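Trainee: I would like to learn how to read the pockets of a protein. Could you take me through an example?

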Amino acid sequence: VLGVPFGLAIIGRDAFRHLLGEHWWGIPLGLMALLATVGNYLNLFFQRKAESRLLREQRQYQTTLMNAAKGMVEVRDLRRLLNLIVHLLTRAVKLTHAGIFLFDEKTGNYVLQASRDRDVLTPGLVLRADDALIRWLKEYQKPLVYEELRHGVATQLNGTMSLASLEATMKRIEASVVVPSISEGTLSGFLVLGDKKTRQMFSQDDLDVLQTLANQGALAIQNAQFYEEL
């Protein structure tokens, strides 16, 4: 908007002066007014196109996850089911990494059972039942977003939890979002999600779909565990 008229005034000043005399500045000034008007609408047009494309991609992977959530109960092999979930998440949502922690009845802790695309998430990694993150997920039973936690945005904490301890655990497992798997009111496990490769933030729609996936996953995992026991 500013560069083109000024550049035109510098380059074509002599020609404009010869054409219009002392009022030659009217041409670059008029061009500036035109670009300032048109540029605003062009900006809105491209912004809407970009937003439409992002929303379309978002809806596509949300639909994929919802369909997958419905079909999970068909998978009877526990190891295959866990690997399928982390593979689906990293591919569909385009995540840097993903992992699944499940409750271990023998120790009472939460153990990483499957992961994809991250060395820090090595199978066997344990989070104790008294860890701040576990206590937060048990109490609030909703997704926890690291960026919101780091900036203190709408993060509920009771008197026994510290922001620093929650943040430390999130950093330790390199989690951008943690989504609890709730079964019959109890925390049976949780999903650990890395950043989106597109660098986009997780929307509320994303979190709602991921929560549905996590809860359906908890049911499917219980079915698979029961099937293996039989």
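Mentor: Gladly! Keep in mind that this is a predicted model. We can start with the second largest pocket, which has a volume of about 330 Å³.

Trainee: Which residues lie closest to the centre of the second largest pocket?

Mentor: Tyr146, Glu147, Ala175, Ser176 and Asp195 are the closest to its centre, out of 18 residues that line this pocket. Two elements give two or more residues to the lining: helix H6 (146-150) and helix H7 (163-172).

Trainee: How do the lining residues of the second largest pocket divide by class?

Mentor: The lining has 7 charged residues, 6 nonpolar ones and 5 polar ones.

Trainee: How does one find such spaces in the first place?

Mentor: Rolling a probe the size of a water molecule over the atoms shows where empty space is left. In this protein, the largest pocket has a volume of about 450 Å³.

Trainee: Which elements give two or more residues to the lining of the largest pocket?

Mentor: They are strand E1 (98-103), strand E6 (186-193) and helix H8 (204-229). Helix H8 gives the most, with 6 residues. The whole lining counts 16 residues, and those nearest the centre are Phe103, Asp104, Glu105, Ser188 and Gln225.

Trainee: Now I would like to step back. How many helices and strands does the protein have?

Mentor: The protein has 8 helices and 6 strands. To see their order, read along the sequence: the pattern is α-α-α-α-β-β-β-α-β-α-α-β-β-α.

Trainee: What do I learn from the radius of gyration of the protein?

Mentor: Set the value beside the one for a compact globule. With 230 residues, such a globule would have a radius of gyration near 17 Å, whereas this protein has 27 Å.

Trainee: What percentage of the residues is buried?

Mentor: A residue counts as buried when its relative accessible area is under 20%. In this protein, 38% of the 230 residues are buried. The accessible surface comes to about 13,400 Å², and carbon and sulfur atoms hold 55% of that surface.

Trainee: And what can contacts tell me about the chain?

Mentor: Look at how far apart the partners sit in the sequence. Among contacts with a separation of 6 or more, 59% join residues 24 or more positions apart.

How values were computed:
Residues are numbered from 1 along each chain as its sequence is written. This is a predicted model: local features need pLDDT of at least 70, side-chain atom pairs count only at pLDDT 80 or more; totals for chains, interfaces and linings use all residues. Side-chain values use heavy atoms; hydrogens and water are left out. On a 1 Å grid over the protein atoms alone, a cavity is a set of points where a 1.4 Å probe fits but cannot get out, and a pocket is an open set with protein on both sides within 12 Å along at least five of seven lines; lining residues have an atom within 4 Å of a point. Grid points are joined across faces, edges and corners, and a volume is the space filled by probe spheres set on the points. Helices (H or I, at least four residues) and strands (E, at least two) are DSSP runs, numbered from the N terminus. Ala, Val, Leu, Ile, Met, Phe, Trp, Tyr, Cys and Pro count as nonpolar, Asp, Glu, Lys and Arg as charged, and the others, Gly among them, as polar. The radius of gyration is taken over C-alpha atoms; the globule rule is 2.2 Å times the number of residues to the power 0.38. Buried means under 20% relative accessible area, exposed over 50%, partly exposed in between (1.4 Å probe, protein chains only). Contact means heavy atoms within 4.5 Å. Accessible areas come from the Shrake-Rupley method with a 1.4 Å probe; for residues, only the protein chains shown count as cover.
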